[in-house]
Amino acid sequence: MSNNQFDSEGFDLTASENDGGVIYEIGGGVTEEAKEQPSSSPSNANNNNEDNNDSSSSPTFESERLKQIGNTHFTSGNHLEAIDYYTMAIEACPYGDDVGPTGEELLRLKEEFDERKREKNEERRRLEMERRRTSSSTNNNNNDDEKKDDENNNNNIKKTENNEKKTEEEFIPPRHIYGHKLAIYHANRAASHLHLGHLDEAIDDCTIAILYNPLYTKAYLRRSTAYERNDDTESALLDSQQASILEPKNTKISRNTTRLQKIENERMEKLKQETVDKLKDLGNSLLGNFGLSLDNFNAVQDPETGGYSISFNQNK
């Protein structure tokens, strides 16, 4: 493949040796980068980290050997075989209380954290509604002692909410001694899944890679690609923005973020228009019972105040 050819759905995969070390981008263009994939022979593999120097006595020696075979299959286009070897590399890595959790355990912990966060958010909304009802009743109550009690209750609720926000703002995964290696195994497997259109699997693998190594730019980019192909441009944009934060001088990532922002803005505008149209249809349905429609009402904005005045036109 020559350098002027690219996967238009890209920013997804590390190039093979013959591609000159480029990543094909979404929307066109190429990004030069150091290779993560090896040459055609596993023994001559050249990865951009210190993992290649593992001796046979290293706990990750077997994982590295399997990863290199997977890389060879990947560069040869044998993506199913690559997935098998990346999976074996993941399974061969040490785990346990003294080492660190598996990827599946990390996903489970994050899902449990997200569920607790949703429950707390629901509880905060319930407390907020309760506080508003209490404030409303207090304003209509002339008993000063009861007012003070209600104010104290509201203050206690606010303090509880603020403390919860401070103590549980984001998920901090438990550390794995070989997390930086596992992040590569999972991200490489995600690249193979992307080639085969296994979007959910690619997203899970990228998420695990990010949990193992939150500074792994490629994992964010690959997950962004998977999200976009899955028509989730909101999540794709968030991941591309995070990649831009990690590599602020990378103009290719910046352009991709700008492109996704434009797509997301267009999606939100379309969604807003669809909502307005549905509300109009509902309004016309109700007014139709009286022989009227929204066309009988004109809304004119005051340029000075920004407010609207509504006028009725019976002839329409």
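The report below goes from the overall layout to the cores, the surface and the charged pairs.

**Ground rules**

This is a predicted model, in which local features need pLDDT of at least 70, side-chain atom pairs count only at pLDDT 80 or more, and totals for chains, interfaces and linings use all residues. Residues are numbered from 1 along each chain as its sequence is written, and side-chain values use heavy atoms, with hydrogens and water left out.

**Overall layout**

The protein has nine helices and four strands. These are DSSP runs numbered from the N terminus, with helices (H or I) of at least four residues and strands (E) of at least two. Read from the N terminus, the order is β-β-α-α-α-α-α-α-α-α-α-β-β.

Of the 316 residues, 38% count as buried. Here buried means under 20% relative accessible area, exposed means over 50%, and partly exposed is in between (1.4 Å probe, protein chains only). The protein exposes about 18,800 Å², of which carbon and sulfur atoms supply 48%. Such accessible areas come from the Shrake-Rupley method with a 1.4 Å probe; for residues, only the protein chains shown count as cover.

Contacts (heavy atoms within 4.5 Å) tell us how the chain comes together. Among those between residues at least 6 apart in sequence, 52% join residues at least 24 apart.

**Inside the protein**

In soluble globular proteins, nonpolar side chains tend to be buried together. A nonpolar core is a set of buried Ala, Val, Leu, Ile, Met, Phe, Trp, Tyr and Cys residues joined through side-chain atoms within 4.5 Å. The largest one here has 26 residues, and Leu 182, Ala 209, Tyr 212 and Tyr 216 touch the most other members. Two or more residues of this core come from each of α2 (79–92), α3 (103–139), α5, α6 (199–212) and α7 (217–229). Apart from it lies another core, of 11 residues, including Leu 194, Leu 199, Cys 206 and Tyr 227.

Which side chain does the side chain of Arg 189 meet in a polar contact? Its partner is the side chain of Asp 205, at 2.8 Å. A polar contact is a pair of N or O atoms within 3.5 Å; within protein, one must be able to donate a hydrogen and the other to accept it, and residues adjacent in sequence count only if both atoms are side-chain atoms. Arg 189 sits in helix α5 (residues 179–196) and is buried, with a relative accessible area of 13%. Beyond its neighbours within four places in sequence, Arg 189 is also in contact with Ile 83, Tyr 86, Thr 87 and Ile 90, among others.

**Charged pairs**

A salt bridge is a side-chain nitrogen of Lys or Arg within 4 Å of a carboxyl oxygen of Asp or Glu. The whole structure holds 14 of them, including these:

| Pair | N to O distance |
|---|---|
| Arg 118 and Glu 115 | 2.7 Å |
| Arg 259 and Glu 228 | 3.0 Å |
| Lys 272 and Glu 269 | 3.4 Å |

Arg 259 in helix α9 and Glu 228 in helix α7 link distant parts of the chain, 31 residues apart. Arg 259 is partly exposed at 22% relative accessibility, whereas Glu 228 is buried at 17%.

Arg 118 and Glu 115 are about one helical turn apart, because three residues separate their positions in helix α3. Arg 118 is partly exposed at 45%, and Glu 115 is partly exposed at 35%. Lys 272 and Glu 269 are likewise three residues apart, in helix α9.

**On the surface**

Leu 279, Leu 282 and Leu 286 make a nonpolar surface patch of about 310 Å². Patches are made of residues with over 30% relative accessible area and no salt bridge; like charges are joined within 9 Å, and nonpolar side chains (Val, Leu, Ile, Met, Phe, Trp, Tyr) within 5 Å. Leu 279 lies in helix α9 (residues 251–287) and is exposed, at 55% relative accessibility.

Our last stop is Asp 231, in the loop between α7 and α8 (233–246). Most residues other than glycine have a negative phi. Asp 231, although not a glycine, has a positive phi of about 65°, and it is exposed, with a relative accessible area of 68%.
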